[in-house]
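These are my notebook entries on one structure. I set down what I looked up, entry by entry.

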Amino acid sequence: GVYHQGRYETQVLDSFGLDGNHNECGGIYSTAPPKLNMCFPPLTWQTYDVDFTAARFGNGKKVSNAKMTVRLNGVVVHQDQVCNHSTTASPLKEGPAPGPIHLQAHGNQVMYRNIWVVDRM
């Protein structure tokens with residue numbers, strides 16, 4: 001998967017032809033399944049675009065949840081999906097500190113290329 005801020009995981013693994021559950025490609029792990037399973041067959045390059053808004057904190061408390069819009073192979077599979085908790089296997093728990101982009105392979109052969117991070121603040 002890809003962890004946004006090390007806290008909120010969007011799944012990346014071979015899910016071609018599967019049901020499209022939260023723990024399959026395009027899902028936000030332990031939060032929401034993708035609206036559609038848009039995975040291409042294995043050994044095909046896939047595109048994954050995520051617009052991520054971090055949770056906001058004030059006075060030591062969360063004042064707004066994180067949210068994501070996710071496009072898998074050009075199709076919106078999550079639109080402004082609220083992430084009200086860090087995902088189950090996240091390396092970092094929710095908090096106000098910044099966190100990294102974390103790439104994971106789930107034991108499948110995974111190759112990444114052309115990764116862009118754009119800060120729109």
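Entry 1, Asp-51 and its partner. I looked up Asp-51 and found it partly exposed at 29% relative accessibility; the term covers values between buried, under 20% relative accessible area, and exposed, over 50%, with a 1.4 Å probe and protein chains only. Asp-51 forms a salt bridge with Arg-71, and the closest N and O atoms are 3.2 Å apart. I use the term for a side-chain nitrogen of Lys or Arg within 4 Å of a carboxyl oxygen of Asp or Glu. Asp-51 belongs to strand β3 and Arg-71 to strand β6, so the pair ties together parts that are 20 residues apart in sequence. Arg-71 is also partly exposed, with a relative accessible area of 27%.

I note the basis of these entries: the model is predicted, local features need pLDDT of at least 70, side-chain atom pairs count only at pLDDT 80 or more, and totals for chains, interfaces and linings use all residues. Residues are numbered from 1 along each chain as its sequence is written, and side-chain values use heavy atoms, with hydrogens and water left out.

How many salt bridges does the rule give? The count comes to 3. Glu-94 forms one with Lys-62, the closest N and O atoms being 3.0 Å apart. This pair links distant parts of the chain, with Glu-94 in the loop between β7 and β8 and Lys-62 in strand β5, 32 residues apart. I found Glu-94 partly exposed at 26% relative accessibility and Lys-62 partly exposed at 30%. Lys-67 and Asp-80 meet through their side chains in a salt bridge of 4.0 Å, N to O. Lys-67 lies in strand β6 and Asp-80 in strand β7, 13 residues apart.

Entry 3, the sheet around β6. I traced an open sheet of 3 strands in the order β3-β6-β7, with antiparallel pairing. Its edge strands are β3 and β7 (75-83), each of which pairs on one side only. The twist averages 10° from one strand to the next, with axes taken as lines fitted to C-alpha atoms and angles running from 0 to 180 degrees between N-to-C directions. Strands are DSSP runs of E, at least two residues, numbered from the N terminus, and two of them pair if DSSP finds at least two bridges between them. Strand β3 pairs with β6 (residues 66-72) over 6 bridges. Within β6, Met-68 is the bridge partner of Phe-52.

Another 3 strands form an open sheet in the order β2-β1-β8, and the pairing is antiparallel. Strand β1 (residues 2-4) and β8 pair over 2 bridges. I found Tyr-3 opposite His-102 in β8.

Where is Asn-84 placed? Asn-84 lies in the loop between β7 and β8 (102-103). Leaving aside neighbours within four places in sequence, Asn-84 is in contact with Lys-62, Asn-65 and Glu-94; contact means heavy atoms within 4.5 Å. Asn-84 and Tyr-8 are 76 residues apart in sequence and 9.6 Å apart in space, C-alpha to C-alpha.

Ser-30 is not a glycine, yet has a positive phi of about 65°. I located Ser-30 in the loop between β2 (8-10) and β3 (48-53). Asn-59, also not a glycine, has a positive phi of about 55°. Asn-59 sits in the loop between β4 (56-58) and β5 (61-64) and is exposed, with a relative accessible area of 84%.

Notes: Helices (H or I, at least four residues) and strands (E, at least two) are DSSP runs, numbered from the N terminus.
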